[in-house]
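Me: I would like to learn how to read a few features of a protein model, step by step. Could we go through them together with the structure in view?

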Amino acid sequence: MARPREVVVVGAGIIGASIAWHLASAGAAVTVLDAGDAGGGATADSFAWINASWGNPEPYFRLRQRAMAEWRRLETAVPALNVAWRGGLCWDMPDEQMADFARQHGGWEYGVRMTGPAEIAVIEPNLLCPPRLAVHVAGEAAVEPRDAAVALLTDARARGARFSAGTPVSGLVARGDAVVGVVAADSVILADEVVLAAGAGTPAMLATVGLNYAMTTPAGLLAHSRPFPRILNGIVLAPGVHIRQTREGRVVAGANFGGEDPGSDPEVAATVLQRAKAMLKGAEGLALDFHTLGYRPTPASGFPAIGRVNDMPGLYLAVMHSGVTLAPAVGLFAAAEMISGRRDPLLAPYGVPAIARLS
Ligand SMILES: Cc1cc2nc3c(=O)[nH]c(=O)nc-3n(C[C@H](O)[C@H](O)[C@H](O)COP(=O)(O)OP(=O)(O)OC[C@H]3O[C@@H](n4cnc5c(N)ncnc54)[C@H](O)[C@@H]3O)c2cc1C
């Protein structure tokens, strides 16, 4: 019998956790290493809205739509994922754009509907001033992102994977053109395959094999209220504020800061939560508990970068924004590609562009 492929996954965010789960499920011998704990990077600071919403080219929409379907498969295998399929209600764009969204995504079978005040009042009965018009997608969802990464890794461990938290990887080990392992805790760990799912840590890792990887990490602040009786059904995307309520009842509110870094000022967080409060009936007692400032790992193209790096054997990269939405599909496709060599056609536009060497 052939020995299982030894794979080291660097990073235990939602992407590393999903790739590890799919690899372990397919029989690979998987070791996951993270400098911190499971789901603790951008994943922990994510709004975690699972969607294939407005504003993307069709190939990217198709990948996201498939990822939404793969969440359904994955939650059947790992019920602890607790995906909240509560739908999304959106009116943070002009009326014509909403109409375009409904027309285009309706044609793509996204299950999107234009709704008016009466229906909106049923979908979200606690809105103080329901809008005249909103787009509703019943099939959108959210997860508690850190819990989801932990659930995937716990299940991956039950399938034989090993996970080492608090283990920074200081470099990749190359032999000739190939990557053959990593250095962690002053030891070399050899592997048939190294998966880089290190989010914002990707450039530092690739620099250790002489590659100059450029990416951006736009900041995003989220205000979290104290747990509160259920006041929201699903995800609400209103002009100036996006809100949802977590499983434990916290209202999470985020705002678009026009690409600026909002900093980590508690007063900014209080203002963002105040916007949510002002929209909701019976929210007088809603109080800020804490806020997060996260950094979205984003390749220079703005789209995912998934696959081989400069054709180097033994190295597989997975870095992207919208990783919470994409994780189940990326995990499935990446594991299949590493094991069988077959690349899913949905990944065709999202290979890793050639990376220049450090000068
Ligand atoms: C404010 C905000 C809102 C967002 N909203 C959404 C949303 O609504 N929907 C959506 O789909 N996505 C959203 N995202 C994006 C999504 O959260 C990310 O795309 C996703 O979490 C990335 O996951 P990851 O596993 O690639 O990276 P991360 O979660 O950052 O995980 C990378 C891991 O690698 C580890 N690591 C790095 N370097 C090393 C090293 N050298 N050694 C060992 N470990 C290392 C880190 O400790 C970390 O745990 C949002 C992000 C933010 C910040």
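Me: How many salt bridges does a search of the whole structure find?

Reply: Side chains of opposite charge can pair when their charged atoms come close. A salt bridge is counted where a side-chain nitrogen of Lys or Arg lies within 4 Å of a carboxyl oxygen of Asp or Glu, and a search of the whole structure finds 14. This is a predicted model, in which local features need pLDDT of at least 70 and side-chain atom pairs count only at pLDDT 80 or more, while totals for chains, interfaces and linings use all residues. Residues are numbered from 1 along each chain as its sequence is written, and side-chain values use heavy atoms, leaving out hydrogens and water.

Me: Which residue forms a salt bridge with aspartate 100?

Reply: Arginine 103 does, with an N to O distance of 3.0 Å.

Me: Is arginine 103 buried or exposed?

Reply: Buried means under 20% relative accessible area, exposed over 50%, and partly exposed in between, using a 1.4 Å probe and protein chains only. Arginine 103 is exposed at 57%, whereas aspartate 100 is partly exposed at 33%.

Me: What does glutamate 248 pair with?

Reply: Glutamate 248 forms a salt bridge with arginine 250, their closest N and O atoms being 2.8 Å apart, and arginine 250 is buried, with a relative accessible area of 13%.
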